[in-house]
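Please keep the sequence and the three-dimensional view at hand while reading.

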Amino acid sequence: MDTETPAALELPAIVARLAASTATERGSALASSLVPSDEVGEVARRQALTAEAVALLDAGTAPELAGIRDLRGSVERSERGGMLRPDELRAVSIAVRAALEAKRVTAAPLLAALLEPIDEELRLLADEIERCVEDDGADLRDTASPRLRKLRAEVRNGGARVRDELARVARSSDVRDALQETFLAERGGRPVLAVRASARAAVPGIVHDASSTGQTLFVEPFEVVELNNRLAEAAADAREEAERILQELSASVAARGLALVLLVEATGAVDLALACGTLSRGWRGAPISIGDEVRLLGARHPLLDPATAVPIDLDLGTIRALVISGPNTGGKTVALKTLGLAALLHQCGLRPPADETTLPVFDQVLADIGDRQSIEMSLSTFSGHVRTLVSVLESATERSLVLLDEVAAGTDPEEGSALAQALVARLARQARLTVVTTHYGALKEWASATESVANAATGFDPETDAPLYRIALGRPGTSHALRVAERLGLDSTVVADARSRVAPERLRMTELLAEAEAAERAASATRAEAATALSAARDRGARLERELERVTASAERVKAEAFAAAQRELAEARGELRALRDELKRARRVRRESDQDRALGTATERAGRAERALADLSAPLPLLAPLAEGDPVEAPEVGVRGTIASIRGDQAEVVGAAGQRVRIPLARLRPSRERASEEREPAVRVRTSASGDVSDQLDVRGLTAQETRERVRRLVDDAALAGLAEVRVVHGRGTGALRKAVREELASHPLVERHAPDAEDGATLATIG
């Protein structure tokens with residue numbers, strides 16, 4: 001690729017943004033030197049790395065690489081025997097820590113493979129450096145070696161002794177009056193006193209300096225000379241020990257030089273991929289498909305303001321050449337640059353800002369954009385373009401992308417148009433894709449009539465005389481030169497005169513193209529409105545579906561909670577009834593052995609307590625089953641409370657506590673918590689019968705289903721109290737209604753352990769538990 005094409009397509013500005021998005025020195029250098037690749041495999045690899053980087057950035061799990069400096073200079077100097085400064089050594093340990101952490105947290109396979117060469121043994125080097133060097137890298141720690149700790153302690157203590165002795169001398173009466181200033185000064189690394197020159201004799205010592213006026217001498221009193229000498233020796237020994245430690249650490253860096261260089265390169269490569277991902281995410285670039293077709297949908301120039309940039313669609317498929325025409329400032333050159341820059345970004349590893357992208361991997365992008373005039377080289381605009389075209393024809397191959405702005409312009413229109421047709425015809429055969437912009441009508445007509453060549457027009461609003469910056473494929477555009485000139489303020493009489501000089505058929509062609517453009521724009525607006533309405537309908541449908549799911553889930557939850565509550569209450573009731581049944585069984589055994597009446601009385605009393613406990617759960621008691629003889633009932637509205645003595649149709653005869661009898665409709669009765677008598681009795685009454693009084697068989701044929709249920713329930717209760725182990729209910733085969741009622745009642749009765757068909761399904765046997 002020639003050096004002028006990237007500049008013409010503004011790639012350097014993108015590269016500068018990419019370098020600014022990096023976190024490491026090496027990553028910045030790699031970004032600044034990034035060039036497009038013409039190898040399909042390498043481009044695919046770069047795009048795959050960017051895809052992984054985008055995924056990590058979206059998930060917030062990208063490795064932190066900030067602070068990793070380019071260590072190659074330090075490594076090279078240490079390998080030559082040079083001594084590294086503490087801050088350089090600290091940079092090595094910081095880089096090692098960050099790189100090893102990045103290697104640990106990076107799970108994306110391609111990025112992880114880039115970090116794989118980082119040597120885990122570098123951790124030992126970082127440990128040694130951190131043991132010896134301060135966190136800020138300003139100096140070595142006192143603990144870097146026992147000798148350094150001892151020498152630095154001597155320096156600190158010696159300095160304190162010198163300052164104390166100097167202060168004592170300054171406070172003495174002989175010296176105090178001779179001092180120019182009372183503070184202690186320092187000259188040549190040695191503490192001194194500021195003495196008036198006129199009182200020099202009052203302070204015996206060594207003069208190290210004098211003030212610019214000569215009025216002040218800086219004297220080191222003899223009393224502290226020896227102390228200062230010992231302090232200087234200790235300081236020199238400490239510096240020598242520090243240099244020895246730095247030299248050893250530098251040698252350790254040199255020994256790991258290759259591993260450190262690999263670390264810098266690996267983290268720089270990952271940093272570059274993350275920067276590509278950052279930029280691609282920033283301008284909402286979509287993943288790219290590599291293929292033979294050229295397809296850019298919703299493409300935007302990355303350097304334009306995303307809030308105002310108008311997306312363009314270039315769905316070119318496999319055509320060989322595209323001729324873009326339209327008014328000046330209408331967006332022809334921007335479209336040309338958008339396509340060319342998208343190709344370069346793709347092959348650099350970035351995602352172009354577009355909603356959908358399919359591009360080949362071009363071996364070259366050849367562009368002639370802008371004014372090629374050169375006074376220095378004695379080239380006119382036309383001559384400069386021709387020189388570029390010569391280079392393009394020599395370089396273009398079947399994998400090349402050629403972009404020509406205002407092809408063959410700047411010369412005689414007729415000859416320029418002919419030259420443009422010849423150039424585009426040649427490049428359509430020679431290059432993969434050629435895109436040109438033009439105002440030549442003959443070139444537009446030629447494109448319409450030539451296979452594998454297409455026209456495209458930039459939009460123009462006839463109502464406002466303003467460009468729309470959109471690209472419409474399949475038809476040529478009009479230059480609207482006279483309308484643009486008039487809009488920009490050219491004298492209307494001049495414009496009218498110019499319009500009268502245009503051939504009528506040319507004006508009619510312009511009008512037809514304008515009408516076609518208006519019709520297309522109206523159709524596009526209609527499609528956009530329909531798409532908006534469809535999207536709104538889909539959104540509303542989705543919202544309704546979500547609301548339906550929420551309501552359904554809520555109903556199911558309430559239903560489940562109610563069912564669970566009912567199950568708990570049922571389990572409690574069954575438990576109490578099971579305990580009652582066990583008590584009754586024990587009572588029967590006691591009855592057989594000894595005192596039947598007393599045992600049954602005890603069972604009755606406990607059953608009464610259980611029934612009262614159950615009755616207290618709610619008030620009034622719910623009607624869980626049809627009322628039957630012997631049930632305690634009440635009718636509060638008429639003041640009736642007692643026990644049902646008999647039932648005839650829908651009327652019941654109720655006996656009160658005093659023996660009085662009253663007939664009342666069943667519908668006005670409800671289960672009562674207590675009997676009519678003053679003494680509370682159990683709602684569940686246990687009535688004993690001798691086994692000879694109770695039949696073990698019941699014939700319900702001819703009864704209703706409700707009557708059948710009542711008779712079966714009464715049979716089971718009596719049989720259980722009589723100690724019968726089994727009963728038989730004859731219901732016949734018939735329609736099956738009585739059989740169903742019998743078996744449902746037996747299945748729900750707590751004293752029935754199991755039931756089974758008998759006599760060819762005309763009867764049912766029930767086992768009493």
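## Basis and overall make-up

The model is predicted, and local features are described only at pLDDT of at least 70, side-chain atom pairs only at pLDDT 80 or more, while totals for chains, interfaces and linings use all residues. Residues are numbered from 1 along each chain as its sequence is written, and side-chain values rest on heavy atoms, with hydrogens and water left out.

The protein contains 22 helices and 23 strands; these are DSSP runs numbered from the N terminus, with helices (H or I) of at least four residues and strands (E) of at least two. Of its 769 residues, 42% are buried. Here buried stands for under 20% relative accessible area, exposed for over 50%, and partly exposed for values in between, with a 1.4 Å probe and protein chains only. A contact is defined by heavy atoms within 4.5 Å. Among contacts in the protein with a separation of 6 or more, 66% are between residues 24 or more positions apart.

## An open antiparallel sheet

Four strands make up an open sheet in the order β1-β2-β4-β3, with antiparallel pairing. Two strands are taken as paired if DSSP finds at least two bridges between them. The edges are held by β1 (179-187) and β3 (205-210); each has a single partner strand, so one side of each has no neighbour in the sheet. On average, neighbouring strands of this sheet are turned by 35° against each other, direction ignored.

Five bridges connect β3 with strand β4 (residues 216-221) in the antiparallel sense. Alanine 210 has leucine 217 in β4 as its bridge partner.

Two helices accompany the sheet. Helix α9 (residues 146-171) lies across β1, β2 (190-196) and β4, and runs at about 15° to β2. Helix α11 (residues 222-255) packs on the sheet and touches β2, β3 and β4, its direction making about 65° with that of β4. For such angles, axes are lines fitted to C-alpha atoms, for helices over the stretch in contact, and the values run from 0 to 180 degrees between N-to-C directions.

## Nonpolar cores

In soluble globular proteins, nonpolar side chains tend to be buried together. A nonpolar core is a set of buried Ala, Val, Leu, Ile, Met, Phe, Trp, Tyr and Cys residues joined through side-chain atoms within 4.5 Å. The largest core has 45 residues, of which Leu18, Leu339, Leu350 and Leu403 touch the most other members. Helix α13 supplies the largest share of this core, nine residues. Not counting residues up to four places away in sequence, leucine 339 touches Val294, Leu296, Leu314, Leu401, Leu403, Leu433 and Val435. A second, separate core of 43 residues includes Leu115, Ile118, Leu125 and Cys132.

Leucine 344 is located in helix α13 (residues 332-348). With a relative accessible area of 0%, leucine 344 is buried.

## Charged side chains

The structure has 42 salt bridges, each defined by a side-chain nitrogen of Lys or Arg within 4 Å of a carboxyl oxygen of Asp or Glu. Three of these pairs are listed here.

| Pair | N to O distance |
|---|---|
| arginine 26 and glutamate 265 | 3.2 Å |
| glutamate 76 and arginine 80 | 3.3 Å |
| glutamate 120 and lysine 103 | 3.5 Å |

The pair of arginine 26 and glutamate 265 in the table links distant parts of the chain: arginine 26 is in helix α3 (residues 25-32) and glutamate 265 in helix α12 (residues 257-282), 239 residues apart. Arginine 26 is buried at 16% relative accessibility, whereas glutamate 265 is partly exposed at 26%.

Glutamate 76 is partly exposed at 47% relative accessibility, and arginine 80 is exposed at 61%.

For the pair of glutamate 120 and lysine 103, glutamate 120 lies in the loop between α7 (109-115) and α8 (122-132) and lysine 103 in helix α6, so the pair ties together parts that are 17 residues apart in sequence. Glutamate 120 is partly exposed at 38%, while lysine 103 is buried at 18%. Salt bridges with shared partners also join Arg26, Asp70, Arg72 and Glu265 into one network.

Glutamate 88 is in helix α6 (residues 86-105) and is buried at 6% relative accessibility. Leaving aside neighbours within four places in sequence, glutamate 88 is in contact with Ser74 and Arg77.
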